[in-house]
Structures are given as structure tokens and as C-alpha cells.
Amino acid sequence: MRNVETVIDGKHEAVQIALTVLLAEGHLLIEDVPGVGKTMLAKALARSVDCTVGRIQFTPDLLPSDVTGVSVFNQAERRFEFKPGPVFANIVIGDEINRASPKTQSALLESMEERQVTVDGITYPLALPFTVIATQNPIEMEGTYALPEAQRDRFMARISMGYPDSDSELAMLDSRDTSSPLALISAVVSGETLRDMMLMARAVFASGAVKEYAVNLVRATRDDRDLRLGASPRATLQLIRAAKAQAALSGRDYVLPDDIDSLAVAVLGHRLVPTSRALGHHHQDSGPVIDDIVRRILADTPVPVGGGASARFESVAFESVPAVRAVPPRPVGSTGTT
């Protein structure tokens, strides 16, 4: 995280969610206007890991074979050979993904969900870890296509960079006056170590109460009066996976409802479709409307294990991992049991 933040100034929350998605073995969608550091964040995260990196610049004339690869006839051996595309990498950076046609965007569907690519009837597995970090401009920008719902649902989280504050923008002018800070970034973790970290995040404990809370949140989006399309069961699974990774980043081996709360907007927001009544005059930018709906659902959904924040913390912590609770030392000279 410190390595990435040498390049990204004043965006700690965005960097933390990006790292959470990476550890949770998910895919990240970064959406914002041009020039705020979307590609810079993707590159910095990729360069911090010693693994293979593929980059795809999405354009209107990009073909699906430019993403997945193509079979080429070998004149010498008189047979077709498969030439892998840039998707055959551990970290794939898709720059301006919504500038390509829906046909080309769909080339990523199989690889993002099943970690494999099928070309000419032959299936090729992708190396693990495999993560797609895609950037896109808002849909009202000229020359963009809205991502289909099936593809948005495959991204674990969506974040927005936003404009930097004045101090961060001044610091950027000094640090990038003569060279790009990306040139100074080197890998701080190996691919093998990253896989071990992913396994540790996957092993974080989530109690039945926490899982029930996540299910209730997702089911509430399907019945909400302001939403035309709610979150899918895949969203429930990825919300728990992201919460486990965030708990690991916080030094805990158990998930709290607070982890669910802090990730709900990023994990659920891009999967939801608001009604026209809920949009009102926000016909172009539905992001703020959806974020407000998710926050309202969070406030209306009761936590199964208790009411207040302190009760919620204690109930989940003590119920989930009793082995973590320290046993008070027996007084010196004591012979009885306590």
C-alpha cells in the first residue's frame, strides 16, 4: 500500500479498496473522468507485484481476438498455432474498457468468471493469480458504450478516484515535474507471496451472523422500491470475499459487520439499476443516486447480532473466534481453579 501511495497522492481509500480486491481474487473497475489517475493506480498496483502484466487499450475497432488471442497457421509445420493475447497474464489492465464495442467487451466474460479462454473449441486455463483492473470514463463521455450488466456483475468492486485536494495537487506538480513516479516503482511482493496472501485472506473466518447480514443486505436491493435491478447472488459471495480480505488487511482473522458496511457501496453499487423515478433529473449520472440508495439500505437493515456498534463488535468477535481470546494468567502461587 505504501508503494502504491508513492504514486497516488491523497487517495488512501481508493488504494485500500484496490488492494482489498486484489487479495480477494476479484476484479476492479475504476470509473471517473479523464486525467484523475485511473490508469496510474492500475499500473502502480501491477508494478508492485512481481508477476506478468498485460495491458489492453480498448478502442472502437478492437476485436475480441485482440484480447483473447488468435490461431495462426504455421506454414512450416502445416498446422494452426494459438498465439495468446494480453489476457494471458496475472494482472490485466484494461484501459478505457467502455470505448470498445459490446462484442469486444464480451471477450472478457469467460476469463473473468472461469479463469479460462476458449478459442476455436479449445479451452486454455489462465495462470493464477488472475485479476482484471479496468478503467472507464462516465457513460455520458463521447465515444463510450455502457458495459452490459453481465460484465459489470463480474467486477468485484467499482471505485471512483475523484479530484485531488489542493495540497495533493501541489505535491503532484513537484513530484512529476521532471519524471514520472511510475519509473521509480519496483515490485515489493512476489507472485508466490501474493498467492499465499490470497490464501490467508480466503481463510479469514466469517460467522453465520455476518453471512446472514450480507444476505439480508443483498436481498433488500432486490425488493427496494427505487431499484429496477437488484444485486445477484454473485454479489453476496463477492461481498463476503472482499470483507474477508479487508479484515486481513486490518490484522484480524474474523469478519465484522463493519467490514460489510464499508464495502457495500463499492461492491454493490455498480450492479444496481435505479428506476426512472429514483433517477429524477440525474439522467446521465446515476452513481450518486445508487450510492444513496445503498446507504439507505444499510441504515434500514438490522444487524442480526445486536444493535449498537459496540454490541455488534463484541458479539461477532467473541462468537466467531473464541481461540483468539486471551486467557488471563493465573495469579502466582494459586493452586485452585478459576
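Phe88 is partly exposed, because its relative accessibility is 26%, whereas Phe82, at 17%, counts as buried. Here, buried denotes under 20% relative accessible area, exposed over 50%, and partly exposed the range in between, with a 1.4 Å probe and protein chains only. The structure is a predicted model, in which local features need pLDDT of at least 70, side-chain atom pairs count only at pLDDT 80 or more, and totals for chains, interfaces and linings use all residues. Residues are numbered from 1 along each chain as its sequence is written, and side-chain values use heavy atoms, with hydrogens and water left out.

Three aromatic pairs were counted, a pair being rings of Phe, Tyr or Trp (its six-membered ring) with centres within 6.5 Å, classed as stacked for planes under 30 degrees apart, edge-to-face for over 60 and tilted for the rest. Phe82 and Phe88 form an edge-to-face pair, with 5.7 Å centre to centre and 65 degrees between the planes. Phe82 and Tyr124 are stacked, at 4.2 Å and 10 degrees. Phe82 belongs to strand β5 (residues 79-84) and Tyr124 to strand β8 (residues 122-125), so this pair ties together parts 42 residues apart in sequence. Strands are DSSP runs of E of at least two residues, and helices runs of H or I of at least four, numbered from the N terminus.

Helix α3 (residues 38-47) is largely enclosed by the rest of the structure, because eight of its 10 residues are buried. Among them are Met40, Leu41 and Leu45.
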